[in-house]
Amino acid sequence: MPIKAGFEPTTHCNLRCPQCPSGLRAFTRPTGMAQMDLFRLAVDQLAPDLVYLLLYFQGEPYLNPDFLEMARYARARGIYAASSTNGHYLSPEKARATVESGLSELIISIDGVTQETYAAYRVGGQLEKVKEGVRNLVAARRAAGTVHPFIILQFLVVRPNEHEIEAVKALGKKLGVDQVLLKTAQIYDYEQGDHLIPTHPRYSRYRQRPDGRWEIKNKLNNQCWKLWQGIEITWDGKVLPCCFDKDATHEMGNLQDAPFRDIWQSEAYQTFRAQILRGRAQIEMCRNCSEGTQVWS
């Protein structure tokens, strides 16, 4: 049984980020909002073995009115529950509710230290609103006298903001977060290059070949820990093998139709695992996988 899972509260988002299917409104699968009953069903079947739950897959979790209740439920089952947000909904009231929910960790995306660079990727976002939200959460945590949630300021390194790496580290210290995390960006159509690919190779998942085309740095060995240790569950109960399967192309089953253990041990899942071991590069989502190329700083 998996020890790590991702659960999708919603596919909806308030922003229009250019390399995100939520932002682009480009899903080919149904979109919507997860219901609390489905979440309980998922957690109850996974809880005996689950250690880490990421309440995020696509979309902005705070748009789901049950999001913090999901965090509370997971915490009550002894699961480390984390999530990721664009930070636009952390009002003082919502910040207090987040702390009270028992959420273990919150990643807040802040991809620039000026509005111009921030909005180059977080299209439609307001940097000052995000900073205000971070301050609200830090203050709420301090007032409650707790260490949760662990607050991570995540900086997605792209060409428009790569010159601000040191500045965002300083900003994180000023805001009082626990960690500033640098993350490399996934580019969908990278072969011909893209204006978002950083110039600094350390912060890019891709490199340019002598013929001018671009390729991913990952060697794509025929192995993948996620197929044996982790899963993703969409808002409507689809069980997916990997977080790179954003359009649920490789649905292994649905929790609304079958118990999780049956899906996990099914012939379809075993066949997919075998396919990974035989030829991972033959699976489209695997060809743009960052496993082994990320930068955590």
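## Naming the pieces

Helices (H or I, at least four residues) and strands (E, at least two) are DSSP runs, numbered from the N terminus. The model discussed here is predicted. Residue numbers start from 1 along the chain.

## Strand E4

How many residues of strand E4 are buried? The count is 5 of the 5 residues, so the strand, residues 105-109, is largely enclosed by the rest of the structure. Its residues point two ways. Glu 105, Ile 107 and Ser 109 point one way, while Leu 106 and Ile 108 point the other way. Both groups are buried.

E3 and E4 run parallel and are joined by 4 bridges. Within that pairing, Ser 83 has Leu 106 of E4 as its bridge partner. To get from E3 to E4, the chain passes through H4, and this β-α-β crossover is right-handed. Strand E5 (residues 150-157) also pairs with E4 in the parallel sense, here over 5 bridges. Ile 108 has Leu 153 of E5 as its bridge partner. Glu 105 stands opposite Phe 150 in E5.

## Helix H3

Now take a helix. H3 covers residues 67-76. Its buried residues include Phe 67, Leu 68, Met 70, Ala 71, Tyr 73 and Ala 74. An α-helix has 3.6 residues a turn, so residues three or four places apart point the same way.

Which elements cover the buried residues of H3? Three strands are among them: E1 (4-7), E2 (52-54) and E3 (80-85). Helix H2 (36-46) and helix H4 (92-101) also belong to the cover. Just after H3 comes Gly 78, with a positive phi of about 80 degrees.

Most residues other than glycine have a negative phi, and most peptide bonds are trans. Two residues and one bond deserve a look against that background.

Leu 220 has a positive phi, near 55 degrees, and is not a glycine. Leu 220 sits in the loop between strand E8 (214-216) and helix H8 (226-229). Is Leu 220 buried or exposed? Leu 220 counts as buried because its relative accessibility is 14%, and the cut-off for buried is under 20%.

Ala 248 is also not a glycine, and its phi is positive, near 55 degrees. Its loop runs between E10 and strand E11 (253-254). Ala 248 has a relative accessible area of 12%, so this residue is buried.

The bond is the one between His 148 and Pro 149. It is a cis peptide bond, with omega at about -5 degrees. Pro 149 lies in the loop between helix H6 (127-144) and E5.

## Two buried threonines

Where is Thr 234? The loop between strand E9 (230-233) and strand E10 (238-240) holds Thr 234. Its relative accessible area is 0%, so Thr 234 is buried. The side chain of Thr 234 makes a polar contact of 2.5 Å with the side chain of Asp 236. The Thr 234 side chain also reaches the backbone nitrogen of Lys 238, at 3.0 Å. Leaving aside residues up to four places away in sequence, Thr 234 touches Phe 7, Glu 8, Arg 29, Leu 38, Phe 57 and Leu 240.

Thr 10 is in the loop between E1 and helix H1 (21-24). Thr 10 is buried because its relative accessible area is 0%. Which backbone nitrogen does the side chain of Thr 10 reach? That of His 12, at 3.0 Å. Again leaving aside residues up to four places away in sequence, Thr 10 touches Gly 32, Met 33, Gln 58, Gly 59, Glu 60, Pro 61 and Leu 63.

How values were computed: This is a predicted model: local features need pLDDT of at least 70, side-chain atom pairs count only at pLDDT 80 or more; totals for chains, interfaces and linings use all residues. Side-chain values use heavy atoms; hydrogens and water are left out. Buried means under 20% relative accessible area, exposed over 50%, partly exposed in between (1.4 Å probe, protein chains only). A polar contact is a pair of N or O atoms within 3.5 Å; within protein, one must be able to donate a hydrogen and the other to accept it, and residues adjacent in sequence count only if both atoms are side-chain atoms. Contact means heavy atoms within 4.5 Å. Two strands pair if DSSP finds at least two bridges between them. A crossover is right-handed if, with the strands pointing away from the viewer, the path from the first strand over the helix to the second runs clockwise.
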